[in-house]
Amino acid sequence: MSAMQLVDRIEKRRFVGREFLLWLWFESEIFEGTLSTKSHGEFALWVERQIALSLGKEEVTRIKGAYPAGTREAKEALLRGKMPDTAGLHLSWHDHQAGFIFKAEPMAISGLTLPTVLGGEDEEEAPPPEARPKGRRRKAEAEGDEGHEAFYERMRLTREVEEILEALYRDFLTLRLGAAWTDTVAPALSAWTDPEGEVDVDAYRAARDRALSTRKR
């Protein structure tokens, strides 16, 4: 495959990221912010702070606020055929909280905020180790150890965020590439966006869980 053919294949499949973000938004709303995967159990995920939807690059709807995805403007944008481009997501798992911007087409995250603080507040003003009294050197060494621990903790939490998103994406692909998309997900999405529609959440959950349970390893 040539480089141009590869680029062409990537461009033709960028819609997948938008559909994935739409599905996350849909499930987080009908399941009241509580999602789950087989490998992670239950966790909280919802859209917060901002969302942008577009129908082509020149017609973009940007909504900001505490719960932008729940506004009438967001649903009206969907009814006009717009799809989500980016969204602020909040993820809560175990005792951890994280917030980030999910960019649909490149399937990338940015602006990740984690509870762990990296480094000490006096790090830049501290004198060199050899100039410090012994007690202060021990204190500086302890602060250095804490800085390293904070760094590795931050990397661990970042990896956990990525793993949860990867697990959700595997579930999405299982549904998207199977009969469940046409039979279950698409009708539920249509009912969700329809102002007069109503999603049978229990029936949807049962059908999507059956579809996910048949996934080959």
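Q: Which helix is E146 found in?
A: The model is predicted: local features need pLDDT of at least 70 and side-chain atom pairs count only at pLDDT 80 or more, while totals for chains, interfaces and linings use all residues. Residues are numbered from 1 along each chain as its sequence is written, and side-chain values use heavy atoms, with hydrogens and water left out. Helices (H or I, at least four residues) and strands (E, at least two) are DSSP runs, numbered from the N terminus. E146 sits in the helix spanning residues 134-176, helix α4.

Q: Is E146 buried or exposed?
A: Here buried means under 20% relative accessible area, exposed means over 50%, and partly exposed is what falls in between (1.4 Å probe, protein chains only). E146 has a relative accessible area of 52%. That value is over 50%, so E146 counts as exposed.

Q: What charge does the surface patch of E141, D145, E146 and E149 have?
A: Patches take residues with over 30% relative accessible area and no salt bridge, joining like charges within 9 Å and nonpolar side chains (Val, Leu, Ile, Met, Phe, Trp, Tyr) within 5 Å. Lys and Arg count as positive, Asp and Glu as negative, with His and the chain ends not counted; each charge is placed at NZ of Lys, CZ of Arg, CG of Asp or CD of Glu. E141, D145, E146 and E149 are Glu and Asp residues, so the charge of their patch is negative.

Q: About how many Å² is the nonpolar surface patch made by F151, Y152 and M155?
A: M155 belongs to helix α4 and is partly exposed at 38% relative accessible area. Areas come from the Shrake-Rupley method with a 1.4 Å probe, and for residues only the protein chains shown count as cover. Together, F151, Y152 and M155 make a nonpolar patch of about 320 Å².

Q: How many Å apart are the closest N and O atoms of E19 and R176?
A: A salt bridge needs a side-chain nitrogen of Lys or Arg within 4 Å of a carboxyl oxygen of Asp or Glu, and the structure holds 13 of them. The E19-R176 pair ties together distant parts of the chain, E19 in helix α2 (residues 15-30) and R176 in helix α4, 157 residues apart. E19 is buried at 16%, whereas R176 is partly exposed at 27%. The closest N and O atoms of E19 and R176 are apart by 2.5 Å.

Q: Why are E160 and R156 separated by about one helical turn?
A: Side chains of opposite charge can pair when their charged atoms come close. E160 and R156 do form a salt bridge, with their closest N and O atoms 2.5 Å apart; E160 is buried at 18% and R156 partly exposed at 35%. The turn follows from their spacing in helix α4, because E160 and R156 are apart by four residues.

Q: Which residues are linked with R159 in a network of salt bridges?
A: Take the pair E162 and R159, which meet in a salt bridge at 3.0 Å, N to O. They lie three residues apart in helix α4, which means a separation of about one helical turn. Both ends are partly exposed, E162 at 33% and R159 at 37%. The network links R159 with E162, E163 and E166.

Q: Which side chain does the side chain of H90 make a polar contact with?
A: H90 sits in strand β4 (residues 83-93) and is buried at 14%. A polar contact is a pair of N or O atoms within 3.5 Å; within protein, one must be able to donate a hydrogen and the other to accept it, and residues adjacent in sequence count only if both atoms are side-chain atoms. At 3.5 Å, the partner of H90 is the side chain of E48.

Q: How many Å apart in space are L189 and W23, C-alpha to C-alpha?
A: L189 is in helix α5 (residues 179-193) and is buried at 11% relative accessibility. Along the sequence, L189 and W23 are 166 residues apart. C-alpha to C-alpha, their separation in space is 8.2 Å.

Q: What is the phi of H94, roughly?
A: H94 is in the loop between β4 and β5 (96-103), and at 68% it counts as exposed. H94 isn't a glycine, yet its phi is positive, at about 50°.
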